Amino acid sequence: YTGAGEINLNGVSDINRDVPGQIDFYFEANGGNSIFFSVWTVTSPITLVAMVHHDHLADYAAGEIFNPKWLDIIRNARVIRFDKWTNAGNYDGPAVQWANRYLPERMTYQGGETSPGLPVEVICDLCTKIGADPWIPLIASASDAYAESYATLMRDRLSSNRRVHFELSTKVWDGANYATAGYFRNLAQASYGDESIEACMDAYGGRSGEIFAVLRTVFAGQL
C-alpha cells in the first residue's frame, strides 16, 4: 500500500509490519471466512495497491500479475471464454459506461452485480502471455460506443496473431438464474409489447446485429 495511517486487519494472524508499505499476515480460507480491513488516523491518503501471496512476491516485483501455478494449469488453452470475467450474465446495474470501467490498477475487480468486469487490459495480457484467443461476452447494456472502445482496445493491445471472438451477453434464455435475461425481456417489452421467449430472442438477435456491425467496423480488414 501507499500512504500513511493505521491499517487494521481482522480474520488473520501472524501480522508483521516490518516492511514499510507492506503488511504480512497468515490467512487460511475455509470457504466461509473473510479478511476485514479498517483504516484509522490517516495522515497521508492510503491506496491499497495489491494483495499477493508471499510465495509470489518475487514474481509480483518482476511485474507478474497472475498466479504462476494457475498459469501452468491453463497454459495449453487455445481459446478462453471470459464469461465470469466480463460479468456479462450477472450484471444488473445501470447501462454500462466505458468511463466507469475497471482499470488495471484497481485493488480488486470484485463488485457483485454492478461490476463491469475485469479490465480489458488484464484479459488481453493473459491471452498474450499463454498464446490463447479471447472469447468475450459483452454486457447486455453495452452501448455502441462502449463496444467500439472495448474492441478497439483489444485490437490495439493484443498481439497481431490473436483472433477475438465476441458475443452479446450469455445465457439470455435463463431468467431464473441470470440477470441478463431480464434485460432482454425488458427490451422486448419496450420494442414489441411482448415478453414471450420468442420476443426476447428477437430483441436479442436485433441488438446483437447492431453490436456486431460496430465490431466489424473496428476489425475491418482483419476478419
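**Group meeting: a walk through the predicted model**

Let me start with Leu 48, which counts as partly exposed because its relative accessibility is 30%. Buried means under 20% relative accessible area, exposed means over 50%, and partly exposed is in between, with a 1.4 Å probe and protein chains only. Leu 48 sits in the loop between β4 (36-47) and α1 (57-61). Helices here are DSSP runs of H or I with at least four residues, strands are runs of E with at least two, and both are numbered from the N terminus.

Some ground rules. This is a predicted model, where local features need pLDDT of at least 70, side-chain atom pairs count only at pLDDT 80 or more, and totals for chains, interfaces and linings use all residues. Residues are numbered from 1 along each chain as its sequence is written, and side-chain values use heavy atoms, leaving out hydrogens and water.

Is His 56 buried or exposed? Buried, because its relative accessibility is 14%. What does His 56 touch, leaving aside neighbours within four places in sequence? Asn 67 and Pro 68. Contact means heavy atoms within 4.5 Å.

Next, the aromatic rings. Rings of Phe, Tyr and Trp (its six-membered ring) pair if their centres lie within 6.5 Å; planes under 30 degrees apart are stacked, over 60 edge-to-face, and the rest tilted. How many aromatic pairs does this rule give? The count comes to 10. One of them is Phe 82 with Trp 85, a tilted pair, 5.2 Å centre to centre with 45° between the planes. Phe 82 is buried, because its relative accessible area is 3%. Trp 85 has 21% relative accessibility, so it counts as partly exposed.

Then look at Trp 98 and Tyr 146. This pair is edge-to-face, at 5.4 Å centre to centre and 75° between the planes. The pair links distant parts of the chain, 48 residues apart. Trp 98 is in the loop between α3 (83-86) and α4 (120-130), and Tyr 146 is in helix α5 (residues 144-157). Trp 98 is partly exposed, because its relative accessible area is 24%. Tyr 146 counts as buried, because its relative accessibility is 4%. Ring pairs link Trp 98 and Tyr 146 with Tyr 150, Phe 166 and Phe 219 into a cluster.

Now Thr 180, in helix α6 (residues 179-192). Why does Thr 180 count as buried? Because its relative accessible area is 2%. Its side chain makes a polar contact of 2.4 Å with the side chain of Ser 169. A polar contact is a pair of N or O atoms within 3.5 Å; within protein, one must be able to donate a hydrogen and the other to accept it, and residues adjacent in sequence count only if both atoms are side-chain atoms. Not counting residues up to four places away in sequence, Thr 180 touches several residues, including Ala 88, Gly 89, Ala 140 and Lys 171.

Last, two backbone points. Most residues other than glycine have a negative phi. Lys 171 has a positive phi, near 50°. Lys 171 lies in the loop between β7 (165-168) and α6. Its relative accessible area is 26%, so Lys 171 is partly exposed. Asn 87 also has a positive phi, near 60°. Asn 87 is in the loop between α3 and α4. With a relative accessible area of 12%, Asn 87 is buried.
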